[in-house]
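Student: I am new to this structure, and I would like to learn how to read its features step by step. Could you take me through them?

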Amino acid sequence: MKTTKLTTIALALVAAISLSSCNQKTKTETTVEKSEPTETVVVDETPDYFLLRPEVEKAYGYSHAVKIGNDIKISGAVSMDDQGNPTAVGDIEQQMKNCYADLEKVLAHYGCTFDDVVVENVFTTNMPKFLEVAAFRAEIYKNHFPTGSWLGVRNWHSRNL
């Protein structure tokens, strides 16, 4: 696992996602005053951590996602293989596809889809190139786009430190 290369790729395209739970537990109750059953949401507040690539995530000290109650927070996705090595270097469109494929795995773990995403933040070192391929997101978000921000960030390797 090469830290400097991974950091460069991580800054190239990172999509951080938040969503409300799409897999809420419900129960039906009937009250004496009403003859109609009512639905009550039962929320489990115990954090549920998910590691997509356990060895990589433990080496860098993060969890790919955590669900607390009805909220799921997903860490940024970068284009990497299961050993943490960068993939699709120099091909931002393929990096984007790889990131969304990983995010889809995390969403599926919690019984969710991209339709459940409410916030998506994208960080890229090449905003003009990202804008050229951003239409790919319409294949991911078929019903609606989430809120969020697209941020161009400076690659720390390009600075004279």
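Predicted model: local features only at pLDDT ≥ 70, side-chain atom pairs only at ≥ 80, totals over all residues.

Student: How many salt bridges does a search of the whole structure find?

Tutor: A salt bridge here pairs a side-chain nitrogen of Lys or Arg with a carboxyl oxygen of Asp or Glu within 4 Å. The search of the whole structure finds six of them. One of these joins R53 and D102, at 2.8 Å from N to O, and it links distant parts of the chain, since R53 is in the loop between β4 and α2 while D102 is in helix α3, 49 residues apart.

Student: Is R53 buried or exposed?

Tutor: R53 has a relative accessible area of 8%, so it is buried. R53 also forms a salt bridge with D82, with the closest N and O atoms 3.1 Å apart, although D82, at 54% relative accessibility, counts as exposed. R53, D82, D102 and K105 are linked in a network of salt bridges.

Student: Which residues have the most contacts inside the largest nonpolar core?

Tutor: They are I74, Y100, V106, Y110 and F114, in a core of 24 residues. Two or more residues come from each of β6, α3, β7 and α4, and α3 gives the most, with seven.

Student: Which residues form a negative surface patch?

Tutor: The patch is formed by D44, E45, D48 and D71. Of these, D71 lies in strand β6 and is partly exposed, with a relative accessible area of 40%.

Conventions
Residues numbered from 1 in each chain as written. Heavy atoms only, no water. Patch = residues over 30% accessible without salt bridge, like charges linked within 9 Å, V, L, I, M, F, W, Y side chains within 5 Å. Areas by Shrake-Rupley, 256 points an atom, 1.4 Å probe, with all protein chains shown as cover. Lys, Arg positive; Asp, Glu negative; His and termini not counted. Charge placed at Lys NZ, Arg CZ, Asp CG, Glu CD. Helix = DSSP H or I, 4+ residues; strand = E, 2+ residues; numbered from the N terminus. Buried < 20%, exposed > 50% of the residue type's maximum accessible area, 1.4 Å probe, protein only. Core = buried A, V, L, I, M, F, W, Y, C linked by side-chain atoms within 4.5 Å.
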